[in-house]
Amino acid sequence: MKAHTLPPNASDGEIAASVPLNRIVPLAKDRLGLEPDTLTPFGHYKAKLNLDAQSFESARNGKLVLVTAISPTPAGEGKTTTSIGLNDALNLLGVRSTVCLREPSLGPCFGMKGGATGGGWSQVAPMADINLHFNGDLHAISAANNLLAAVLDSHMYWKNPLDIDPTTISWRRAIDLNDRALREVDLKLGRGARRIGGFDITAASEVMAILCLAQDREDLERRLGNIVVARNGDGEPVAARDLGVAGALAALLTDALHPNLVQSLEGNPAFIHGGPFANIAHGCNSVVATRTALGLSDVVVTEAGFGADLGAEKFLDIKCRQSGLRPDAVVLVCTVRALKMHGGMAQADLANTDPQAVRAGAPNLARHIANLKRFGLTPVVAVNHFATDSKEELAVVQAIAEEHGVKAVAATHWADGGAGAQALGEAVMDSLSHGANVELLYPDELALSDKIETVATRIYGAREVALEPVAAEQLEEYERLGYGRLPVCIAKTQYSFSADAKALGAPVGHVLPVREVRLSAGAGFVVAVCGNIMTMPGLPRRPAALDIGVDDEGRVFGLF
């Protein structure tokens, strides 16, 4: 696979460009047993799987492996890279394995985080296509979100027959870019009417969450119809169904509901479908893609966004609760660099060998291990290896893992592809042989405020939750309206167990401030917005967009 003529410091884009890809239709037949008429190709190397095709059969009952991570740092932990490398390793071990990932968002691609197709020799491809406009899914979600907003405002213009109280309108518009200027917008509605609205990034849209949680087309339209956009004069919910627009929203999302099939650089199948963020949304790829992969594979590797306190908790308490899916094993990704940062080392000093700094960061890893065990899952710790890691530092990580009753395995998949993660693959297969007995964190009947407190105290280590008065009133209203059995989706910083991004390690005894809550009745959860988290990110001082362009041969560069 490797193109040995590449320089040692080759970029991810150069590595991806050096690997000839397999055509997607024969790959789907050879690796997944899919007939050509089940695919809708988008060029030669990517396709949508048509779940309505007569010849499509999902005959297997694969095991599900969840990949999550410790609390991320600016140094980067490589969770997506590890998911891809693990999947490649399992295939090298003779396991029929498929990886399921989220779709990248244009906001981070052009902002600070960059692309989201893995790195080094553990990537999915075609890289530029996946990062930009990937088969039109996010554009369809944006369009559906904004159609509902347009119909709602038009309804208000045409004499408001549903008696919607304009002060209760909660539906916001969406765009798949980071644009802080759109967080609050003065809307001129006509006939002298105005109101304040705003935009969320598409990854935070309820429509995105609905697409990712829908079981099928019928469930998709039902959920879209359940979206609550406002209250009427009597204080009762007004939903998209009441506006008569659920069918049109479903029409915009008909193609987007079908999962996207691509490949790793080693020619292994990858489903990439749906892209909710884990810090402001529920952070998991679609139920449809996961179920499809499980029906075609013996093992499915899937990731949940950011750290296990966010992505894994939401994967379990939202996605698994609603779908009936349960992971059979879990991988907890960490790096020596991240542990040193959690131990207090400055980012500029991370290349310096310091086993004591690694030990100082141990509480973060330990907290995540303990949290996963609360769900009945014993993780395999994957140490994503960097060239600056010393043997002494790696030994400290392995010792920390052993102290907490789990195994840590170093993996070099970034540098060596699947071959560098075979030991990790073997550890995962061993974990799968033992199985798991997953328990969700709280029951459906627990009050919404108690659900928030349960996550805050049991997962985040908080002492208590501080609800702003408006948030407390909203929760009481949602209980009164019959939404009390929904799970909660906590929107907070990804960098800390607290709402303070600078509180690294494993803080305890803090207060989780909830400034507002939002009802996502179609998606089937209630969002608690904490601290200064924003559902519309802004661009950094020097955005990644300044380094992106197209070369003389029409190839996109600078995405990484």
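The following questions and answers look at the cavity, a pocket and the cysteines of a predicted model.

Student: How many cavities of 30 Å³ or more does the count come to?
Tutor: A cavity here is a space where a 1.4 Å probe fits but cannot get out. With the limit set at 30 Å³ or more, the count for this predicted model comes to one cavity.

Student: Which element gives the largest share of the lining of the largest cavity?
Tutor: The largest cavity holds about 70 Å³ of space, and of the 13 residues that line it, those closest to its centre are P104, H133, F134, L138 and D176. The elements that give two or more residues to this lining are α5 (127-131) and α6 (137-157). The largest share amounts to three residues, and the element that gives them is α6.

Student: How many residues of the lining of the largest cavity are charged?
Tutor: Asp, Glu, Lys and Arg count as charged, so D176, one of the residues closest to the centre of the largest cavity, belongs to that class. Sorted by class, the lining has six nonpolar residues and four polar ones, while the number of charged residues is three.

Student: Which element gives the largest share of the lining of the second largest pocket?
Tutor: The second largest pocket has a volume of about 1,000 Å³, and of the 38 residues that line it, the closest to its centre are S170, W171, R172, E516 and R518. Several elements each supply at least two residues of this lining, among them β9 (193-197), α7 (206-213), α19 (469-480) and β21 (511-520). The largest share is six residues, and it comes from β21.

Student: How many residues of the lining of the second largest pocket are nonpolar?
Tutor: By class, this lining has ten polar residues and twelve charged residues, and the number of nonpolar residues is 16.

Student: How many disulfides does the count come to?
Tutor: A disulfide is a covalent bond between the sulfur atoms of two cysteines, and the cut-off used here is a pair of cysteine sulfur atoms within 2.5 Å. The sulfur of C489, a buried residue at 0% relative accessibility, lies 9.0 Å from the closest cysteine sulfur, in C284, which is too far for a bond. C530 is also buried, at 2% relative accessibility, and because its sulfur is 10.0 Å from the closest cysteine sulfur, in C489, that pair is likewise too far apart for a bond. By this rule the count of disulfides comes to zero.

Conventions:
Residues are numbered from 1 along each chain as its sequence is written. This is a predicted model: local features need pLDDT of at least 70, side-chain atom pairs count only at pLDDT 80 or more; totals for chains, interfaces and linings use all residues. Side-chain values use heavy atoms; hydrogens and water are left out. On a 1 Å grid over the protein atoms alone, a cavity is a set of points where a 1.4 Å probe fits but cannot get out, and a pocket is an open set with protein on both sides within 12 Å along at least five of seven lines; lining residues have an atom within 4 Å of a point. Grid points are joined across faces, edges and corners, and a volume is the space filled by probe spheres set on the points. Helices (H or I, at least four residues) and strands (E, at least two) are DSSP runs, numbered from the N terminus. Buried means under 20% relative accessible area, exposed over 50%, partly exposed in between (1.4 Å probe, protein chains only).
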